[in-house]
Amino acid sequence: MPPTQTPTPKRPRGQGQWALGHLEPLNPNERFKKDDDGLNVRKRIENIYSKRGFDSIDPQDLRGRFRWWGLYTQRKPGIPGGKTAVLEPHELDDEYFMLRVRIDGGALSIEQLRTIAEISTTYARDTADVTDRQNIQLHWIRVEDVPVIWEKLEAVGLSTTEACGDTPRVILGSPVAGIAADEVLDPTWAIDEIQRRYIGSPEFSNLPRKFKSAVSGLPDIVHEANDIAFVGVNHPEHGPGLDLWVGGGLSTNPKLAVRLGAWVPLEEAPEVWAGVTGIFRDYGYRRLRHRARLKFLVDDWGPEKFREVLESEYLGRRLIDGPPPPQHVEPYDHVGVHQQKDGRYYVGVAPVVGRVSGSMLSKLADAVAAHGSGRIRTTPHQKLVILDVAGDEVESLITELNAIGLAARPGTFRRYTMACTGLEYCKLAIVETKGLAADTVATLESRLADVADQIDVPITLHVNGCPNSCARIQVADIGLKGQIVKGEEGFQVHLGGGLGLDAGFGRKLRGHKVTAAELPGYVERVVRRFLDERADGERFAQ
Ligand code: SF4
């Protein structure tokens, strides 16, 4: 008999966590980030690439560091979905870019809106999309034009800094911060301060992957889907402050954020944000890209250990225990006419699936100015909100906005449908999304006109072009994940997801797939069945 050998225990493989001494890059993304900070590409864009043109761009900058300044190459037109995996990157890359303008807190002045509109019409073929993270994305940007676009944006206090890449992305904020009658506090100072201190700083410009933040005095910013979120809450002893959540993220392996049970005073929010972001930078997994989001670390550690490390290693003090924020039954989408706490009104309008244009934004700026307002906000639901409207201006503003395609009293499907970028521009896409979603909205509003009055609960319809979740499909009533179905463009259906009181992921039923052509008929059948069979007061997500 051969002698029995005791197997040598395998050493656990390092996850590339800097805090544990794994400083050597374990994949190409980590390599290029170590070779040169993504922020440094700006000088090369200004001094070299914009002067010598697209072909002069170093491939590592093109497909890597450009993101640190909000730039992605667009998908070359005409390449069908499903072909992506078999093509070389250069076969997919168009010579034009998508440019993401970060709008922290979604807050825009008329001057800023006019600037984005002018950039769109001059340099972006009149394209513009309001995203579900309150950014505005432009397309067809040439590298030659990027420096002048930055100049124009920065002259009015906007930027594309860290709008993409392994960085702290745009900070979501309530579109009605400072004016909502029911907000616990106005956290705008904290958003501004985080941006001022940390965005564009080398301290946080090399994170394991993207890092999404949200700060609001209300539970109206999809906080459960962010890496870090602060949500307004009244502490019984200490008063108004912020409840701290970490580890949310959708995409593949979706997870909802968890509470750390900590109440944070407004003035400490930037420091606590830096502590959590520091944990992600130092302890986040860097070996595998698909495990590099904060949600995996939070899942492995649990909220107690996460809070302990935050307090002991990053803050040097204990946080105050606090209660959870109030839950809301219906999704806050800010559409329609609502009174502000100062007696004036805010008017939320719905472009179809976030698609606008430079011309439309320019007309919006004119209409807003003509009706005495100076502030516009983007929302995390691909909508726009006009603040500070006097009562006697509301109806004429609504009429004017309607005429330019922005509905303040939209039907259910226009109001609650979102779509990601999809095949039109996105290199990861399998199917087209925006055009299909817009057609589906129009078809449903016509086919379901006979029961429109009965649809008295929100029915959210979110359309994604691939398994990523840029349109948050897992938390929609009807979530659609793009894939090839029966040899053509179609979707895996997820049913019954939600946030707030109904927080949870939609059910993915095996074989529950529709082609793009079948989509309107499918949604019509689901909605009619819900209306026929629901109990009194039942919501769609229940
Ligand atoms: Fe692109 Fe997929 Fe995101 Fe849609 S969900 S924008 S197709 S990566």
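Mentor: The axes of H8 and helix H9 (residues 294-315) come within 10 Å and cross at roughly 125°. Axes here are lines fitted to C-alpha atoms, for helices over the stretch in contact, with angles running from 0 to 180 degrees between N-to-C directions. Helices (H or I, at least four residues) and strands (E, at least two) are DSSP runs, numbered from the N terminus. H8 is therefore oblique to H9, since angles under 35 degrees count as roughly parallel, over 145 as roughly antiparallel, 65 to 115 as roughly perpendicular and the rest as oblique.

Before going on, note that this is a predicted model: local features need pLDDT of at least 70, side-chain atom pairs count only at pLDDT 80 or more, and totals for chains, interfaces and linings use all residues. Residues are numbered from 1 along each chain as its sequence is written.

On the H8 side, the contact is made by Glu271, Val272, Gly275, Val276, Gly278, Ile279, Phe280 and Tyr283, and on the H9 side by Leu294, Leu297, Val309, Leu310, Tyr314 and Leu315 (contact: C-beta atoms, placed from the backbone, within 7 Å). By class, that makes 11 nonpolar, 2 polar and 1 charged residues (Ala, Val, Leu, Ile, Met, Phe, Trp, Tyr, Cys and Pro are nonpolar, Asp, Glu, Lys and Arg charged, the others, Gly among them, polar).

Now for the sheet. Its 6 strands form an open, mixed sheet in the order S6-S7-S8-S9-S10-S11 (strands pair if DSSP finds at least two bridges between them). The edge strands are S6 (168-173) and S11 (320-321), each pairing on one side only. Strands S8 (residues 228-235) and S9 (residues 239-246) pair in the antiparallel sense over 8 bridges. Helix H8 (residues 269-283) packs on this sheet, touching S6, S7, S8, S9 and strand S10 (258-264), and its direction makes about 160° with that of S7.

Definitions and conventions: Two residues are in contact if their C-beta atoms, placed from the backbone, lie within 7 Å.
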